[in-house]
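Good morning, and thank you for joining this group meeting.

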Amino acid sequence: MMKQSQNPGTGPGNSLRSRKIESIRRMLNLNAPTARLTSAGLSSAAGGPTDSEEPQWKVLIYDRSGQDMISPLLTVKDLRDLGVTLHLPLHSDREPLSDVAAVYFMNPSEENLQRLGRDLAAGLYESYHLNFISQISRSKLEDLAQAAIGGNAVGQISRVVDQYTDFICLEEDLFVLRHHSADSLSYKALNRPDSSDEAMEAMLNEIAGGLFSVCVTLGAVPVIRCPAGNAAEAVAAKLDKKLRDNLRDARNSLFTGGGDSAAQYSFQRPLLLLLDRSLDLATMLHHPWTYQALVHDVLGSRLNRVELPQSGPPSHQQQQQKRTTAYDLLAEEDNFWSAQRGAPFPEVADAVKRNLEKYKQEEEKVGRLKRSMGFDAELDDKTVTDTMSVLNSAMSDLPALLAMKRSLDMHTNVATCLAEKIKARQLDLLFELEEKLLAKQSLDRPLVDVLADPEAGSFEDKLRLLLVAVLSDCPQASGAELDELLSQLNRLASEPSAALSSESGGLVDCAGLLKAAAYLRKWRALSGGGSYYVGGGSGGSGASGSGSGWLGGLSKGGSFLMEGVRNLVLRKHNLPAARIADCLMENRAGQAEVEEYRYFDPKLHRVTDPSQIPRQKQPFQEAIVFVVGGGNYIEYQNLVDLRRTSKSSGVTGAGGGGGGSGGGGRRITYGSTQLVTGCQFLLQLAELGQLT
């Protein structure tokens, strides 16, 4: 039985995502060393064990968790370059391939181990390389050994490895613990009043185990900070114990030793800031205005992929199934997405327009070349020579031009779909109102008028707006005024068409969603909490009329689809998570907001009194901000903006995209138990309201 230590490498590819890719590549290379990633990314080092050596062909068998972890990191071409000829789900009907090695990547659950035992008994493959996402227990390992003996397959099991990769990496600086079965670690699950002590203990252990995997992958033992008295503190205590126990066993520690150990590359310890979702509920309900957050909240992207409905008349076969087109949103392969994913939507639309104009200019060059290549007239030698020179130049530029066209086609379709949704639901209006509410600014329209406006969003949109007003202590949403607003929404919920306006997928009982307001009222009465939002609001008055000036060039079929969307400008502000992270990374004394935060240092073994723990005095250059109970792209982008604008950050770069650590400045990585949309979080609050 092996514990897989991580070898992060050095240089620009030293992010959590690049290390996770490297660990997956090593696993697919049958746990043999592979070429390290370079700043150019995976493709420059993905050709197998070495540049000249042919990879060993194999099949990859994964469970649902393994699939979720691999799909945002490796393409089918990447898998093929690594020698994977076939990749199949564990719980599927698979034909025997008796002369091929099989790499299994799965959680050590009872169900998975039983299926693995049946595979061993059936002799499906020549050899078995078993890789467990999280650590397999001694009892389950003994059960596996019994299954191998019963199936007469002991000699075929080549290796059993604990990979410690129990998290999903979506960006260079973004990860979640769960996508499939994410409800098991959701805000609702962690705050259910009927949850047993055993169920709560299991959830906290699962979160601590995922964060332990992050630490192993990074090859660093962090200093842990967290507020007292909530789930974040319980997770911090469990993680602290796991790290201490591992460090205490020097022979088997994942953080010490030479060779390929990651610890030898870790010169500065990171800060791990654990926060509870209850710190800031308003951000989870807030309507977004940046590109990546809109794609997630409005279009429902999952694992860096978004599906859009196809246009045009359906074929006979397509009439039998849902007609969608899937797009992969990968920063390392799409320069436009990398630069613009964190930008406000008006800037994205303007960038699409500029890139379309640039593409048309390049296309005209190709057209002129085609005309110059006409051989109707007799050409002299000089003309032929000049033409061939231009042709060679055009051929060298052709791959980049085709990539630009694919990217533009995709982002034109995505932006057009977003614009239609924004206009239909008046999301620009809702965003502007919520920004003013959270910034404690006066509203241009009374809430009662907005909720009565049939054009101002769906029922869920209106309820999200109202709950943001409640959490921001708006006078229009307190006491008797709140009762009146809820009665107004209750009347809307009783209308026959109310359920059809749901944005969370399928039909939803709108009257049941109002339980979310009841839950927040009780929550505020018990905790006295609201949103700790500081700053915000849109630039100037928040609107500059219609968007025809900046979107007029983005057209389809001659109609200006984007007209009527207001050009709202984001004002810089720090959400609670970013503000607290900034305070703790600066590590200045006398900061009242974080003065009572707990301090854990797993490297100090003999400290019994928490108040006597020696604390690091220097500022932290690297931080992991993890939210227990769910997160979203609004919070993630706010941390990216903090890194970009911090005094110690050397990042410049254009556009509003996230990712990367930049220069020699700060590196901030954001994580959460799951990523949820505003409507999904609203549904969780409603279900909690029904339980309480």
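Which residue of β17 does Phe-626 stand opposite? Phe-626 faces Gly-671 in that strand.

First, a word on the basis of these remarks. This is a predicted model, in which local features need pLDDT of at least 70 and side-chain atom pairs count only at pLDDT 80 or more, while totals for chains, interfaces and linings use all residues. Residues are numbered from 1 along each chain as its sequence is written, and side-chain values use heavy atoms, with hydrogens and water left out.

I stay with strand β17, residues 667–672. Helices (H or I, at least four residues) and strands (E, at least two) are DSSP runs, numbered from the N terminus. Six bridges join β17 to strand β16, residues 622–628, and the two run parallel. Two strands count as paired if DSSP finds at least two bridges between them.

Is β17 enclosed or open? Six of its six residues are buried, so the strand is largely enclosed by the rest of the structure. Here buried means under 20% relative accessible area, exposed means over 50%, and partly exposed lies in between, using a 1.4 Å probe and protein chains only. In a regular strand the side chains alternate between the two faces of the sheet. In β17 both faces are covered: Arg-667, Thr-669 and Gly-671 are buried on one side, and Ile-668, Tyr-670 and Ser-672 on the other.

Helix α21, residues 576–586, is also mostly covered, with nine of its eleven residues buried. Among them are Pro-576, Arg-579, Cys-583 and Met-585. After α21 comes Asn-587, whose phi is positive, near 60°.

The search uses a 1 Å grid over the protein atoms alone: a cavity is a set of points where a 1.4 Å probe fits but cannot get out, a pocket is an open set with protein on both sides within 12 Å along at least five of seven lines, and lining residues have an atom within 4 Å of a point. Grid points are joined across faces, edges and corners, and a volume is the space filled by probe spheres set on the points.

The second largest pocket holds about 640 Å³ of space. Its lining has 27 residues, of which Ser-65, Asn-107, Ser-134, Arg-178 and Glu-206 lie nearest the centre. Helix α7 gives the largest share of this lining, six residues. By class, the lining has five nonpolar, 15 polar and seven charged residues. For these classes, Ala, Val, Leu, Ile, Met, Phe, Trp, Tyr, Cys and Pro count as nonpolar, Asp, Glu, Lys and Arg as charged, and the others, Gly among them, as polar. At least three residues of the pocket lining come from each of domain 1 (16–29 + 53–164) and domain 2 (169–279 + 575–649 + 664–691), with bounds taken from an automatic or database domain assignment.

How many cavities of 30 Å³ or more does the search of the whole structure find? There are two. The largest has a volume of about 70 Å³, and helix α10 supplies the largest share of its lining, three residues. Its lining includes Met-284, His-296, Tyr-633 and Gly-678. The second largest cavity contains about 40 Å³. Ser-65 and Arg-178 are among the residues lining this cavity, and α2 provides the largest share, three residues.

Finally, the aromatic rings. Rings of Phe, Tyr and Trp (its six-membered ring) pair if their centres lie within 6.5 Å, with planes under 30 degrees apart counted as stacked, over 60 as edge-to-face and the rest as tilted. The whole structure has 13 such aromatic pairs. In one of them, the ring centres of Tyr-104 and Tyr-125 are 6.3 Å apart and the planes stand at 75°, so the pair is edge-to-face. This pair links distant parts of the chain, with Tyr-104 in strand β4 and Tyr-125 in strand β5, 21 residues apart. Tyr-104 is buried at 0% relative accessibility, and Tyr-125 is buried at 2%. The rings of Trp-289 and Phe-431 have centres 5.7 Å apart and planes at 15°, so that pair is stacked.
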